[in-house]
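Please keep the sequence and the coordinates at hand while reading.

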Amino acid sequence: MDELPIPADAISAELEDLVFAGLPATRRSFLRAAGFGVGVAAVAGCSRAPVQKAIPHLTPPESIVPGRAYAIASTCAGCSAACGVLATCRDGRPVKLEGNPEHPLSRGGLCAVGQAELLSLYDSQRLDGARDREGGIGWDQADQLVVAELARIRADGGRVRLLTGTVHSPSTRAVIGRLLASLPDAAHVQYDAASTSAILDAHARSHGQRILPRYFFEQAQVVASFDADFLGTWISPVEHAAGWRQARDPEAEPPRMSTVVQFEGRLSLTGTRADRRVRIAPWETEPALARLVERLGVLAGGRAPSASAGRAETATLEEVDAVAGLLWQHRGAALVVAGAADGVAQDLVNRANVLLGAYGRTLDVERPSLQKRGDERALEQLRQELAAGAVDLLLVAGCNPVYELPDSEDLLAGLSATAMVIACSPSLDETAAAAHLVLPEPHSLESWGDAEPVAGFCTLQQPTAPPLRSARTLRATLARWMGDARGDRELLQAHWESELFARQDAIGSPAAFFAAALSRGFAELAPQPVPGAEAAAPAPAGSAFVAPADLVLVLHPQIAIPDGRHAHNPWLQELPDPVSKVAWDNCASVSPATARELGLRAGDVVRLNAGERAIELPAWVQTGQHDRVVAVALGYGRAGTDRFADVGPEWLQARATVESGGTIGENAAPLVARTAAGRVFAGAAVTVEKTGRRVELACSQDHHTLEVPAHLAPKGGEVRDPARELAFAAWQADPEHALHRGHHAPGEGELWAADHENDGPRWGLAVDLAACTGCSACVIACQAENNVPVVGKDEVRRHREMHWLRIDRYFEGAEGEERVHHQPMMCQHCDHAPCETVCPVLATVHSASGLNQQVYNRCVGTRYCANNCPYKVRRFNWFDYAHDDALENLALNPDVTVRSRGVMEKCSMCVQRIQEARSEARRRGEKVEDGAIRTACQQSCPTQAIVFGDHADPAGRMARLAASHRAYGVLDELGVAPSVRYLAGMNNDPLAPARAGHAETGGGHG
Amino acid sequence: MAEGRTTGAFVLVTLAFGSITLVATADIRLPGNHRGYAPEQPIAFSHRQHAGELKIDCQYCHYAASKSPNAGIPPTGLCMNCHAHVSAGFDAVLEEREAAEAEGRDPRRIVSPEIAKLYAALGLDDDLDPVPGAEPRPVEWIRVHDLADFVYFDHRPHMATGVACQTCHGPVQGMERIRQETALSMGWCLDCHRKSPAFRPGEPLPDLTAPLRYRHHVSTDCATCHF
């Protein structure tokens, strides 16, 4: 570069030079002239490049209108809860998954994992066709191998074992039953990565049936939960969250508000939303439950309390006494749940629930849950058989034992001692890599299936796209080995029309019954009688870890990655954990006091030694955690996750998300303790050693903060309280003033005079913080709907995550006593939007219906708007984010522009959905009905915390909520008149000393 | 210096006149404006004949226009609703009939070369029997009316308010080969939107005699088309 920069005011002089001086021109003037030439050429041209083709159908598919989306009712297979989904499809492929509002379990919600199942359909690393250890073989060849082996076993005898996750598909169970019956010594062993086996065993003892009750949180006025994360990851979180929400509606008449008391060692999502949270160490669970049962016994007029077990802290026992009183007061509408894998504890839970009259009210054993059927004892027995080399054929399906189970070396040795190991797995996972044959299973969105998640309730899963890979379901595979060559649909339909049809009498013909189930997505039937416990109920096993230790391990599933199956999903990897806000990693989480004691900072790599096992993980400091607990998330460290090495943009300073050959996070499964009764996830003693290394975690906790720097704060505005919470009692006593005592009234002070007219709708959102659990389903729903790119760990560390909707997390109160608030934060569509005034090119402007519009094709990327946004919700495209995986691109929503480098973007309030609803209403000549438009975040929310609507329609649901005495705008004091109104959270803790009004929010921003 | 100024003024004046002449005589358009684009199509389909002469309703073929954002290109099978029976122009059929009469034989089936392409696409021979080994493939038309990817145009509200197809697509009923008649540029859209009063379903009509103000004309919000 040998020319001098030309000052702006010298342009005319330069032009003069250009015109008069003639050649030789400088480089710049040459380019200018050349540019003019190109412009002229373009003006004169009249052909178009590239030529676009318009290829119609040959014959149009029935009921599909070109250009319109259609929905297919199906069942989510993201976990074993079997929530109902409606797959929004375009041109023969799904582009978005939504909850099915008619589904009686999930009631319209769909969690983050369920939403992200869409992306895993388009995973380019799924296996294509059967393979053996050398590589691909034909399906026929694979079948011949297995059929020959089965024939040999039938003739000569031999052991066949099926190892699966919970199989809740009635048609698959029927086929498995047929196969087992045809073999001399065959058994089906099920286990769940996150086991609830102890609950089933406890019911075998107390009720004579090995069942998992169905929990009705909607019926529970008081819930005492011992380490059961029922809003986050336990059994069926969407169903539980919907129930929990139903029991907590301050806007209902009369207001409903249940109380949840959470006893736990780590800080779970349920713990963050509990009305009262008691930190206990894992070894205290059993004595605390014993004390609870004793107290309830006394209250029920039973025997006097015996000397309580001595291992629990006195404070814990006092809490338990108080909670027992509260539970007793609400007996019949009270519920005790525990997540512990501890037989004695689960026995105590059952006794407490019997004393409280909970059976038949808040939990049901007549129509039990079939969502988890894992049997840890059977698994342990299988391991022994495998170790002894006593199994001739092992079929593994729907699980990944080599990754998920501890002592995987022993297991691998057992597998190599087995004559034939067959893995039915969609990808080449750890177990499939050790198998002789891999028969890939299709994705749930491209195959037929069914589920009976609750006895008497069956849901159907149907393909939403043609098969993208050559794969076969377990059902079809097993049927074929028995000489039944029917396809999946035929097998399924036959089972429904023969077996399931007979269990109902509402519909007269089998074909009509199946058709109705297809259209609704589910069918309600008479429950099948649950067989009594086959063997004698196992004796309860006490906790393996009863002695207090200096530090104990708590291994838990994470919200975003509940088990290793989802570790290959970039949406879920980039979803910050709602509690720690760390993405792309699992950590060894310790309390602040323990961190101080050990001299740890977040990011220090530590070595965790539990028994003979050790793993190295970055430390994380988590307030609210018990001081003796080290919490580690399971589900990380999956083989092959180094595929995300270059997930982010390529540039000079880019750092890989993961080293080549490495993994995202570390697998903590080796640290799980094994006992005769199965795996134990909490309580093992652990030591923490510093390694001296440090890593920088991708934590979004302090990104996009709404806090104001002390030196910039206006007088009186130093402390902002974006997330507010009210005590239920105070609110009931004085609903009108409970919120606004000591606060600016809403709308007080407008930044500018009203300068634009608005006589049509004024769209807005109402977000009820009393309902929000922080589960982050909305974040992924928004990502899927709005083509939000994944940026990778390094970019997240640079505060460049692209999520349009984030969940802010706030701690309030003293260390260890914190209340936690979750606050979904998206563009507030301010009426006096500060972003709009600073845009030099009018790329962000206000619409007549109150939307703050971002116009990508106008934006030049000055980023002034993001600077001026008080809510920090604007996201800048620093790069062209990767869209070179053609298969993955099929997940893009064709109704939303894929943004390019250099433009700003942000929540549009799903304007594409608004436009669709308006066009449809216009076509029918109707008005847009209240509730006809649902944003992606609203649709997915299991607790209906987000409501979209029109501020100008006072009868609409959103406007009524926005008029609640709980409603406020975040940073209302700025006078920007946000269109998003928040309803203050609600805390119903009858055991707390009465608080005056609501507490001020302080502490760290999330 | 003064001489330089005179020369400069002369150059500028020449440039100005040149530009005016150019604008007046040539079809000057901005890049991206494809007005007049009329590529050769794989089958020489005549809108003049179908829509003009035969007066087939636009929505018979572009049936999604009133119920979808996209009007849609008719599925190839739809052509066969008529062309299973009509295989050539009337003149050709008449000529053959006369020739056959003169020669005292049965008239042969006449298939025009363009309709033969349609049959070929569907994997059929001239007698509409499947050609062995031929796979039916839809006709790959060349797209004429194509908006930029960041524009989301929706036919439904336009159809519902009675905007004629010709308003945007021009006199299609007179086009032998389909041609982009209008600019389809944002300014062109806005021209119409600014001039058209807003009808809101269920609400009284606005005062059409009053000058249109922002809130009384059809939406010109960016997010109406860009999202």
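How many bridges join strand 35 of chain A to strand 36 of chain A, and in which sense do the two run? In this predicted model, strand 35 and strand 36 (residues 819-825) of chain A are antiparallel and are joined by seven bridges. Within this pairing, A:R809 has A:H822 of strand 36 of chain A opposite to it. The two strands of chain A make up a hairpin with six residues between them, and A:G813 in the turn has a positive phi of about 105°. Strand 35 spans residues 806-812 of chain A, and seven of its seven residues are buried, so the strand is largely enclosed by the rest of the structure. The covering extends to both faces of strand 35 of chain A. On one side A:R806, A:D808, A:Y810 and A:E812 are buried, and on the other A:I807, A:R809 and A:F811 are buried.

Along the principal axes, the C-alpha atoms of chain A fill a box of roughly 100 × 70 × 65 Å. Of the 1006 residues in chain A, 56% are classed as buried. When contacts in chain A between residues at least 6 apart in sequence are considered, 73% of them join residues at least 24 apart.

The largest nonpolar core has 297 residues, of which A:A112, A:A588 and A:V630 touch the most other members. Helix 23 (residues 777-785) of chain A gives the most to this core, namely seven residues. With neighbours within four places in sequence left aside, the contacts of A:A112 include A:A777, A:V779 and A:I780. A:A112 is also in contact with A:I559, A:A560, A:L572 and A:L575, among others.

One is an open sheet of seven strands of chain A, with mixed pairing and the order 30-22-27-24-26-25-31. Strand 30 (682-685) and strand 31 (687-694) of chain A stand at its edges with a single partner strand each, so one side of each has no neighbour in the sheet. On average, neighbouring strands of this sheet are turned by 35° against each other, direction ignored. Within the order, strand 22 (residues 552-556) and strand 27 (residues 629-633) of chain A pair in the parallel sense over five bridges. A:L553 stands opposite A:V630 of strand 27 of chain A; A:V630 is also one of the residues that touch the most other members of the largest nonpolar core.

The other is an open sheet of six strands of chain A, in the order 5-18-17-16-6-7 and likewise with mixed pairing. Its edges are strand 5 (131-132) and strand 7 (185-190) of chain A, each with a single partner strand, so one side of each is left without a neighbour in the sheet. Strand 6 (residues 159-164) and strand 16 (residues 393-397) of chain A run parallel and are joined by five bridges. A:T164 has A:A397 of strand 16 of chain A opposite to it.

Most residues other than glycine have a negative phi, and most peptide bonds are trans. The peptide bond from A:E253 to A:P254 is cis, with omega near -5°, and A:P254 is found in the loop between strand 10 (248-249) and strand 11 (256-257) of chain A. A:K581, a residue other than glycine, has a positive phi near 70°. A:K581 lies in the loop between helix 19 (570-574) and strand 23 (582-583) of chain A, and it is buried, with 21 other C-beta atoms within 10 Å. In chain B, B:L184 has a positive phi of about 55° although it is not a glycine. B:L184 is placed in the loop between helix 8 (165-169) and helix 9 (186-195) of chain B and counts as buried, with 22 C-beta neighbours inside 10 Å.

Finally, the two chains meet in a contact that takes 44 residues from chain A and 47 residues from chain B. Helix 27 of chain A provides the largest share of the side of chain A that touches chain B, seven residues. The predictor gives the complex an ipTM of 0.85 and a pTM of 0.90. For chain B the mean pLDDT is 86, and 87% of its residues reach 70 or more.

How values were computed: Residues numbered from 1 in each chain as written. Chains lettered and ligands numbered in written order. Predicted model: local features only at pLDDT ≥ 70, side-chain atom pairs only at ≥ 80, totals over all residues. pLDDT = per-residue confidence, 0-100. Buried ≥ 20, exposed ≤ 12 C-beta atoms within 10 Å, placed from the backbone. Contact = placed C-beta atoms within 7 Å. Core = buried A, V, L, I, M, F, W, Y, C linked by C-beta atoms within 7 Å. Helix = DSSP H or I, 4+ residues; strand = E, 2+ residues; numbered from the N terminus. Pairing = 2+ DSSP bridges. Axes fitted to C-alpha atoms, helices over the stretch in contact; angles between N-to-C directions.
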